[in-house]
Amino acid sequence: MTLRELSKELGLSVSTVSKALNDSHEISGETKERVQHLAREYRYRPNMNAVNLRRGRQKNLGVILPNVLNFFFALVLTGIEETANALGYNIICCMSDESYDKEVAAVQMLRDGGVSGMLLSLSEGTEKKGETAHLEALQGFGIPVVLFDRVSEAISCDKVIIDDFKAAYQATEHFIKTGCKHIALVTLLDSLGVGRLRAEGYRKCLEDNNIVVDEDLIVKVVDKDLFEPMASNLLQSKRVDAVLALEEFAAVHMMMVARNLGFEVPKDISIIGFTNGMLPKYMTPTITSVSQHGKFIGEKATRLLIDRIEMDGNHQIPFQTEVVKSTIVQRESTL
């Protein structure tokens, strides 16, 4: 329901309806009540993006992150903030805490607050639910969106992603080139698209190198509290000479479990983890990591969004998906 549609149904001018909704003294109490009653019935919300544009408010970008404690997302946020500020924009950052409901609430809050555009990585809850109507609806409000890292094909917008399949393939290949044959995969991301892509890359690399995929070497951890016993069971029950950990927590804790069980790293077992954060650099030995270049992703996503915001409405270009190449940072946990 738009302001124009509301005014047409009421038989009043757009100006009168707008003033009534804003409780103007120029409008009678009876007309105000009539207008506001119908607005409530239709759950009408003003397009704050258009309102703020008319009022000349300062440019703001909404950012919604699944988890700020994740070093990767902290790097992305740094890239977003620096780039936005350099281009004359401010950011308003929200956390979904991996919750679909919190993500929906954050989107609505930012939308009603009149942000010029949104940058978002889907929460785990949203991916599990497969419901993206709250994001698709933003187009009707004239608010462009850029998704990064965790994205959905259901949403037509600009996107910035990592080639997760290729990154995991290359990490697995690195193990094989150093002589490893019994390569395990440990993941806490099985419910996320990025986790599944990484697992597919691992599987494909093994197959291409004529190594049979042993399902018992693939450990899917749902609860972090169960990580240590599941990792211990893996190393004690199966022959393992390498572990591909699909995020930083798994890599660091796998290192701790292996050392507590008497394994020498990398002599007995090699480890590679995703996300080139701070912890892998300070572990003993240091951990080889797949760097996803989070800050660059934040910079790229922000530039895409601002370009879309500032684009002439008559010269829109097709949405694009930018793929950022990951790199392996060699450290002491691999040969």
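Student: Is Val68 buried, partly exposed or exposed in this predicted model?
Tutor: Happy to start there! The relative accessible area of Val68 is 37%. Buried would need under 20% and exposed over 50%, so Val68 counts as partly exposed.

Student: Where in the chain is Val68 placed?
Tutor: Look at the elements on either side. Strand E1 covers 60-65 and helix H5 covers 71-86. Val68 sits in the loop between strand E1 and helix H5.

Student: What kind of aromatic pair do Phe227 and Phe249 form?
Tutor: Their centres are 5.6 Å apart, and the angle between the planes is 85°. Planes over 60 degrees apart fall in one class, so this pair is edge-to-face.

Student: Which helices does the pair of Phe227 and Phe249 tie together?
Tutor: Phe227 lies in residues 227-237 and Phe249 in residues 248-260. The pair therefore links parts 22 residues apart in sequence, namely helices H11 and H12.

Student: Is Phe227 buried or exposed?
Tutor: The relative accessible area of Phe227 is 2%. The limit for burial is under 20%, so Phe227 is buried.

Student: Which residue has its charged end over the ring of Phe249?
Tutor: Phe249 itself is partly exposed, at 21% relative accessible area. The charged end over its ring is 4.6 Å from the ring centre, and belongs to Lys224.

Terms used. Residues numbered from 1 in each chain as written. Predicted model: local features only at pLDDT ≥ 70, side-chain atom pairs only at ≥ 80, totals over all residues. Heavy atoms only, no water. Helix = DSSP H or I, 4+ residues; strand = E, 2+ residues; numbered from the N terminus. Buried < 20%, exposed > 50% of the residue type's maximum accessible area, 1.4 Å probe, protein only. Phe/Tyr/Trp six-rings, centres within 6.5 Å; stacked < 30°, edge-to-face > 60°. Lys NZ or Arg CZ within 6 Å of the ring centre and 35° of its normal.
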